[in-house]
Amino acid sequence: MESASQDINLNSPNKGLLSDAMTDVPVDSAASAQTSAPEGLTLAEEEELRSELAKVEEEIGTLRQVLAAKERHCGELKRKLGLTPLDGLKQNLSKSWHDVQVSNAYVRTSEKLGEWNDKVTQSDLYLSASSTLEDWNEKLTQSEAYKKTQETLSQAGQKTSAALSNVGSVISRKLGDMRNSATFKSFEDRVGTIKSRVVGSRENSTDSLHSPSGAGDKPPQDNAPF
């Protein structure tokens, strides 16, 4: 018992500083301080697994560094090519949609929908409903109320067209009467007179500009003072 207590004291980081009373620590405490191997594994197997775990974690760290470097290089290439993040998003969406269309789930779903459509359109209930709707449509178009409504709408359209045509004829006739009236002719004559006066005044002013009777062409006076 004393030898075991001395071994513990020698292995303690505070050896030489503890009192003699601390030499009574049980021997089992040293064994409990060691990490016990998981159930079903030996110490050698545990060491091997821990060594493999450390290697895998180191590889993961290396791959992360490589991936970060590749992403930076990819970003530089896109920047040099003038590609924006929006272009990348469009490309990713197109690729994702293409992947969805060629996926087995999408193909199976499309086939199932096609089968369901065929089954529905060929079912007795669908055929009966279609036949019933056709009968109702035929009965509706052949009914007296439908024919009267159609005739009323047709007559209303014809009346509207005739009214618009009459309005156009009235406006044209009114314009013709207005042009043939004495007031309009008098106004037209006045406009023509004003126009002829304006044109004549312009011609006179143009002739005066081109005539040789300018100030610099006056002949010398005979009775000039001595």
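Predicted model: local features only at pLDDT ≥ 70, side-chain atom pairs only at ≥ 80, totals over all residues.
Student: How much of the protein counts as buried?

Tutor: Of its 226 residues, 3% count as buried. The protein exposes about 20700 Å², and carbon and sulfur atoms supply 58% of that area.

Student: Which residues make the contact?

Tutor: On the α4 side, Trp97, Val100, Gln101 and Val102. On the α5 side, Asn104, Tyr106 and Val107.

Student: Which residues form the nonpolar patch on the surface?

Tutor: Trp97, Val100, Tyr106 and Val107. Together they have about 340 Å² of accessible area. The elements that give two or more residues to this patch are α4, residues 85-102, and α5, residues 104-122.

Student: Take tyrosine 106. Where does it lie?

Tutor: Tyrosine 106 lies in helix α5. Its relative accessible area is 32%, so tyrosine 106 is partly exposed.

Student: Next, α6 and α7. How far apart are their axes?

Tutor: The axes are 5 Å apart, and the helices pack at an angle of about 55°. Because of that angle, α6 is oblique to α7. Helix α6 covers residues 124-142 and helix α7 covers residues 144-180.

Student: Which residues meet there?

Tutor: Leu140, Thr141 and Gln142 from α6 meet Glu144, Tyr146 and Lys147 from α7.

Student: There's also a tyrosine 126. Which helix is it in?

Tutor: Tyrosine 126 is in helix α6. With a relative accessible area of 39%, tyrosine 126 is partly exposed.

Student: What does tyrosine 126 touch?

Tutor: Val120 and Thr121, if you leave out residues up to four places away in sequence.

Student: Changing topic. How many salt bridges does a search of the whole structure find?

Tutor: The search finds two. One joins the side chains of glutamate 46 and arginine 50, at 3.0 Å from N to O.

Student: How far apart are glutamate 46 and arginine 50 along the helix?

Tutor: They are four residues apart in helix α3, residues 43-81, so about one helical turn separates them.

Student: Is glutamate 46 buried or exposed?

Tutor: Buried: glutamate 46 has 8% relative accessibility, and the cut-off for buried is under 20%.

Student: And what does aspartate 99 form a salt bridge with?

Tutor: With lysine 95; the closest N and O atoms are 3.3 Å apart. Both residues lie in helix α4, four residues apart, which is about one turn of the helix.

Student: What are the relative accessible areas of aspartate 99 and lysine 95?

Tutor: Aspartate 99 has 35%, so it is partly exposed. Lysine 95 has 53%, so it is exposed. The cut-off for exposed is over 50%.

Methods
Residues numbered from 1 in each chain as written. Heavy atoms only, no water. Patch = residues over 30% accessible without salt bridge, like charges linked within 9 Å, V, L, I, M, F, W, Y side chains within 5 Å. Areas by Shrake-Rupley, 256 points an atom, 1.4 Å probe, with all protein chains shown as cover. Salt bridge = Lys/Arg side-chain N within 4 Å of Asp/Glu carboxyl O. Buried < 20%, exposed > 50% of the residue type's maximum accessible area, 1.4 Å probe, protein only. Axes fitted to C-alpha atoms, helices over the stretch in contact; angles between N-to-C directions. Parallel < 35°, antiparallel > 145°, perpendicular 65-115°, else oblique. Contact = heavy atoms within 4.5 Å.
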